[in-house]
Amino acid sequence: MKLATWNVNSLKVRLPQVLDWLAANPVEALCLQELKLSNENFPLDAFTEIGYQAHWAGQKTYNGVAVISRTACTDVQRNLPAYEDHQQRIIATTLDSAIGDIRVISAYCPNGQSVGSDKYEYKLAWFKALHVWLQDELKRYPRLAILGDYNVAPKDEDVHDPSKWVGDVLVSEPERAAFNALLDLGFTDAFREFEQDEKSFTWWDYRRFAFRRNAGLRIDHVLLSKELKPYCAACVIDKAPRSNEQPSDHTPVIATLDFGTAPSLVS
DNA sequence: ATGGCAGAGTTTCTCTGA
């Protein structure tokens, strides 16, 4: 089965592109971020018409996340428990699979705006709350995949020109430490489990022809728990939608889980 | 040092994103 994530930067504007993408890429589940629409404006019919189900946590103007899935989801949960947050950044659902339940989480981590700002402090606090929740969630759902826009480029190799970004928001040491703390829970950055092209990115600024220059960042990630990692057969970035007319500034990341593969890598 | 693009709402400007 394939799981994907895409920050669409307005589902209203990007809906035709998302439908086209699903037709060409019939993944089991697609996690969306930055819906930028309220719950009542979610285009459910457009997804059901092409054979998908949807669960979402919307919000007027900003944020908003969803899981679009081929089959029914259960145990839907919105937002981080034990963390008061008016911003809709998390939706968790459970999917059935050949090896049993898989917990799939769509996450839109805060941007942070600039190092030292109030939004930066919120970002770090939010990551701490995410860490606490995932620790708990892993006990209930050992087969856990968390996909989304983390707004963190984990290493310098994930930055087009690291010298220009030193200490900046998205690459600062505390943000990378917050990301690494998630890995310390046993998660794996699926993309880095496979050989990849140098300068592989998931986001490119709309300005200054950044996509054409490949001046991007890798900030959208698929994290797989220890129990899921052995089944991961591939993880790729699909750059094609970034070339669309009126594109999102992010592009999808897709992980393939192959349950026919014996989990020989379990240690 | 700054703005540059894009989307949404408070709309002909402001806020946010990354």
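Colleague: Which strand does Asp-149 lie in?

Modeller: Asp-149 lies in strand E8, residues 144-149. Strands here are DSSP E runs of at least two residues and helices are H or I runs of at least four, numbered from the N terminus. The model is predicted: local features need pLDDT of at least 70, side-chain atom pairs count only at pLDDT 80 or more, and totals for chains, interfaces and linings use all residues. Residues are numbered from 1 along each chain as written, chains are lettered from A and ligands numbered from 1 in the order written, and side-chain values use heavy atoms, with hydrogens and water left out.

Colleague: What is 3.4 Å from the side chain of Asp-149?

Modeller: A phosphate oxygen of DNA strand B is 3.4 Å from a side-chain N or O atom of Asp-149. That falls under polar contacts, pairs of N or O atoms within 3.5 Å; within protein, one must be able to donate a hydrogen and the other to accept it, and residues adjacent in sequence count only if both atoms are side-chain atoms. For His-250 the side-chain N or O to phosphate oxygen distance is 3.4 Å, and for a polar side-chain atom of Asn-7 it is 3.3 Å.

Colleague: Where does UniProt put the "binding site" feature?

Modeller: The unreviewed UniProt entry places it at Asn-7, Glu-34, Asp-149, Asn-151, Asp-249 and His-250. They are spread over 244 residues of sequence but cluster in space, with a largest C-alpha distance of 12.8 Å. Positions follow the numbering used here, feature names are shortened, and annotations may be inferred rather than shown by experiment.

Colleague: Different topic. What is the strand order in the open sheet?

Modeller: The order of its 6 strands is E3-E4-E2-E1-E14-E13, with mixed pairing. Strands E3 (53-57) and E13 (232-237) are the edges, each pairing on one side only. Two strands pair if DSSP finds at least two bridges between them.

Colleague: And how do E3 and E4 pair?

Modeller: E3 pairs with E4, residues 65-69, in the antiparallel sense over 5 bridges. Ala-57 stands opposite Val-65 in E4.
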